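Subject: A structure to look through

Dear colleague,

Please find below the structure I promised to pass on to you.

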Amino acid sequence: MKKIAVVLAGNGVYDGAEIHEATLTLLAIARNGATYQCFAPDVEQAHVVNHLTGEEMAETRNVLVEAARIARGNIKPLSDYDAKNFDAIMFPGGFGAAKNLCTFAFDGVDCTVNPDVEQAVRSTVAEGKPVGALCISPVLIAKILGDVKVTIGQDEATIQAIENLGGTHQKTTHGQVVTDDKYKVVTTPCYMLDATIDQIADGADNVVKKILEIM
């Protein structure tokens with residue numbers, strides 16, 4: 001069976017991984033006949049947000065520890081990831097992808113990328129294996145790779161940022177995927193659009209299907 005690494009950015013849309021996107025990615029992998037292993041960087045979150053009020057909370061949390069909630073404890077530090085042991089890697093979205101995996105939410109195109117995240121993407125690409133990215137995560141991929149074709153849907157400000165990073169953006173709607181043949185990067189907009197949970201499921205499933213097709 002094909003094995004796909006899934007990188008989580010915490011737990012919760014406003015300060016971590018988007019839970020619907022993360023869970024439906026795992027479901028899509030399983031339903032398409034592959035297996036997965038979750039990873040997350042072992043670092044502190046950029047901040048903690050109360051998901052009921054939207055307000056920042058005066059506490060600290062660890063990205064790996066929080067992501068373990070989604071993975072039911074079956075998760076490894078991203079520093080342990082070895083591209084040779086996997087057939088692809090995927091990044092669900094959520095603000096955590098733009099706050100914890102990189103600093104795009106704070107610094108825009110001048111953002112920095114977590115070293116373990118950059119190493120994971122670059123080593124996967126060097127092995128000629130696919131990279132999947134949902135929602136805002138394609139921005140992270142554009143920051144690392146530069147001249148890559150991706151989609152985040154239709155948000156003009158984010159599209160401009162991707163192009164400023166050297167990437168090419170293709171506008172899409174619910175469930176549609178864009179594939180960069182050079183890097184084997186597959187992306188879909190998910191909650192970057194005003195989406196319903198079934199549309200998120202379609203997007204995750206279509207990305208996984210395409211990844212399995214181009215392996």
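This is a predicted model: local features need pLDDT of at least 70, side-chain atom pairs count only at pLDDT 80 or more; totals for chains, interfaces and linings use all residues.

Residues are numbered from 1 along each chain as its sequence is written, and side-chain values use heavy atoms, with hydrogens and water left out.

In soluble globular proteins, nonpolar side chains tend to be buried together. A nonpolar core here is a set of buried Ala, Val, Leu, Ile, Met, Phe, Trp, Tyr and Cys residues joined through side-chain atoms within 4.5 Å, where buried means under 20% relative accessible area, exposed over 50% and partly exposed in between, with a 1.4 Å probe and protein chains only. The largest such core has 39 residues, of which Y81, F91 and L145 touch the most other members. Helix α6 (137–145) is among the elements that each supply at least two residues, and α6 gives the most, with six; helices (H or I, at least four residues) and strands (E, at least two) are DSSP runs, numbered from the N terminus. Apart from this core lies another, of 31 residues, including L24 and V186.

Turning to the rings, Phe, Tyr and Trp (by its six-membered ring) pair if their centres lie within 6.5 Å, and planes under 30 degrees apart count as stacked, over 60 as edge-to-face and the rest as tilted. The whole structure holds four aromatic pairs. One of them, Y14 with F95, is tilted, at 6.3 Å centre to centre and 35 degrees between the planes; Y14 lies in the loop between β1 and α1 and F95 in helix α3, 81 residues apart. Y14 is partly exposed, with a relative accessible area of 37%, and F95 is also partly exposed, at 42%. The rings of F39 and Y81 have centres 5.6 Å apart and planes at 85 degrees, so this pair is edge-to-face. Both F39 and Y81 are buried, and together with F86 they form one aromatic cluster.

Among the 13 lining residues, G94, F95, C135, I136 and M192 are the closest to its centre.

Best wishes

How values were computed
On a 1 Å grid over the protein atoms alone, a cavity is a set of points where a 1.4 Å probe fits but cannot get out, and a pocket is an open set with protein on both sides within 12 Å along at least five of seven lines; lining residues have an atom within 4 Å of a point.
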